[in-house]
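Work through the two exercises below. Each solution goes step by step.

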There are 2 protein chains.
Amino acid sequence: MFFLCVNLPFLVFQEMLKDVVRTKTYQNVIYRNKFLFQNKVVLDVGAGTGILSLFCAKAGAAHVYAVECSHMADMAKQIVETNGLPDVVTVLKGKIEEIELPVAKVDIIISEWMGYFLLFENMLNTVLYARDKWLVDDGVVLPDEASLYLTAIEDAEYKDDKIEFWNNVYGFDMSCIKKQAMMEHFVDTVDQKQIVTNCHLLKTMDISKMVPGDASFTASFKLIAERDDYIHAFVAHFDVSFTKCHKLMGFSTGPRSRATHWKQTVLYLEDVLTICEGETIIGSMTVAPNKKNPRDVDIMVKYSLSGRRCVVSRVQFYKMR
Amino acid sequence: MFFLCVNLPFLVFQEMLKDVVRTKTYQNVIYRNKFLFQNKVVLDVGAGTGILSLFCAKAGAAHVYAVECSHMADMAKQIVETNGLPDVVTVLKGKIEEIELPVAKVDIIISEWMGYFLLFENMLNTVLYARDKWLVDDGVVLPDEASLYLTAIEDAEYKDDKIEFWNNVYGFDMSCIKKQAMMEHFVDTVDQKQIVTNCHLLKTMDISKMVPGDASFTASFKLIAERDDYIHAFVAHFDVSFTKCHKLMGFSTGPRSRATHWKQTVLYLEDVLTICEGETIIGSMTVAPNKKNPRDVDIMVKYSLSGRRCVVSRVQFYKMR
């Protein structure tokens with residue numbers, strides 16, 4: 001098992017809180033579904049400033065345990081005091097696998113564990129560990145569904161800027177870096193006008209049932225061009241859902257939705273694909289934690305296109321680290 | 001002694017290379033002062049992609065040793081090959097204190113070692129170590145002068161955004177974080193219109209002579225208001241100079257100069273100072289590496305203003321980590 005604890009700058013917490021799509025969705029989920037929380041015991045995994053715990057307390061939870069391993073736990077304790085909720089919210093400073101809860105079981109686990117590309121540097125395993133150890137049998141995990149999607153984009157301008165740049169650097173040929181740079185993922189905001197194909201659902205994870213191994217998977221995809229264009233990159237994004245709400249709630253980090261701090265994950269292709277409307281890129285994506293460093297993610301994409309103007313079949317690797 | 005080796009994403013190297021103020025200045029220093037390099041042996045400390053070594057080779061250096069500890073060293077080797085310079089440039093992968101040079105002494109040490117606030121996460125000690133071990137007595141260090149400056153700015157908008165934000169976070173009082181957040185430094189671009197006072201030279205370091213301990217210092221300052229305004233923050237920036245050039249060359253990272261990737265360092269004040277034209281803030285800044293983690297920097301600022309509208313005397317601490 002692999003747990004890390006990082007003391008992030010306050011500015012990072014602020015950026016996450018200011019991500020209105022993220023924080024407001026959690027707030028709405030909690031405030032509009034008080035029936036879920038009333039008289040329930042809640043565990044907040046990776047509580048940070050304690051904001052989700054405070055929401056739960058206001059929504060009528062019997063008690064909330066806010067677990068946070070970084071120095072932010074000390075701040076969270078003060079915040080709970082300042083806001084007059086020390087009888088309802090208990091902040092526990094420590095790692096999930098090391099702390100002891102004063103109760104045997106909890107009714108609800110809430111967490112904002114998602115990283116870039118859903119799985120990068122994320123706390124999913126920590127949430128699953130907490131679920132198996134403390135959640136009652138019919139307990140609720142919030143969010144309980146996360147889905148990863150793939151689409152393909154035209155991105156000549158930025159591919160030139162990020163990759164072709166290395167061809168001539170102040171008069172020197174550094175093109176050997178291109179191949180390496182192409183294995184990097186780029187966290188960037190994609191304009192929806194760049195999207196050339198449909199968006200394919202790669203994988204849905206049921207956080208209430210899945211096991212850690214389910215975060216390693218191979219998923220096939222089929223992307224159909226919606227116009228004549230070029231393809232420079234695959235783009236991944238994720239959605240999360242809270243299916244236990246009165247009506248389905250959640251948010252998307254996709255390029256057609258309001259921007260979040262997660263942006264999208266851009267994976268550049270070695271080739272430029274010249275694709276015609278209706279032509280199809282078929283392939284598969286394999287995602288797995290890096291064996292040496294399980295917080296890193298290895299991605300392999302196999303893809304092929306047999307089009308009028310371009311025939312290509314290739315395997316490409318990406319390292320998220 | 002404390003040396004760290006970090007495998008940075010290629011994107012970070014790209015951003016540094018694309019910083020034209022930085023890279024073009026080095027290029028101009030080298031190409032316009034070939035007399036410094038002809039038939040000389042050069043050591044490039046923290047060579048990265050090897051760009052400075054390539055410049056030196058083109059300028060006529062007899063040999064260049066490019067030392068780089070990260071995985072970038074492998075790329076630098078390939079780049080040297082690709083550009084037909086393997087007879088002139090030798091890339092050595094390793095830490096400065098662990099590698100062996102095939103020569104006893106070098107004539108020139110070149111390095112781009114500067115971090116945010118000049119000293120944050122920087123390689124200055126590595127450069128000084130290399131200088132003491134390998135540089136000939138009358139050798140040249142490039143750059144050989146670095147100066148740190150302080151000014152004061154009006155910044156109501158961003159102070160509200162970054163600091164006062166914590167007063168009300170989705171209805172909760174998180175103001176206890178304000179005091180902590182105020183100890184963070186903010187790397188940000190300051191508009192020159194925000195500058196309220198003169199710019200005071202805090203410290204000049206002679207890289208060819210200084211000892212590591214010189215990077216810990218206390219410097220007094222005197223900032224005189226150039227208009228009636230409010231002061232929300234001190235702003236630090238640095239300049240570097242290459243005094244051994246035919247004519248003085250260098251660059252500034254100050255708010256009145258063209259932007260660089262270093263931006264400026266903004267240190268917010270707990271109070272807002274209401275200052276009148278001609279009034280003076282006097283004080284001192286103490287800078288020292290953190291005792292536990294020497295790559296972190298501790299800053300203490302003492303300042304006082306006896307103005308018509310505001311009398312204040314205060315000590316403020318900042319942790320750069």
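The expected span of a helix is 1.5 Å times one less than its number of residues. Helices (H or I, at least four residues) and strands (E, at least two) are DSSP runs, numbered from the N terminus. The model is predicted: local features need pLDDT of at least 70, side-chain atom pairs count only at pLDDT 80 or more, and totals for chains, interfaces and linings use all residues. Residues are numbered from 1 along each chain as its sequence is written, chains are lettered from A and ligands numbered from 1 in the order written, and side-chain values use heavy atoms, without hydrogens and water.

**Exercise 1.** Compare the reach of helix H2 of chain A with its expected span, then find its cap.

Step 1. H2(A) covers residues 20–31, twelve in number.
Step 2. From first C-alpha to last, H2(A) reaches 15 Å, close to the expected 16 Å.
Step 3. Asp19(A) caps the N-terminal end. One of its side-chain oxygens lies 3.3 Å from the backbone nitrogen of Val21(A).
Step 4. Val21(A), Tyr26(A) and Ile30(A) are among the buried residues of H2(A) (under 20% relative accessible area, 1.4 Å probe, protein chains only).

**Exercise 2.** Determine the strand order of the five-stranded open sheet in chain B, and explain its edges.

Step 1. The order is E3-E2-E1-E4-E5, with parallel pairing (at least two DSSP bridges per pair).
Step 2. E3 (89–93) and E5 (135–142) of chain B each have a single partner strand, so one side of each lacks a neighbour in the sheet.
Step 3. Five bridges join E1(B), residues 41–45, to E2(B), residues 63–68. Val45(B) stands opposite Val67(B).

Notes: Buried < 20%, exposed > 50% of the residue type's maximum accessible area, 1.4 Å probe, protein only. Polar contact = N/O pair within 3.5 Å; in protein donor to acceptor, adjacent residues only side chain to side chain.
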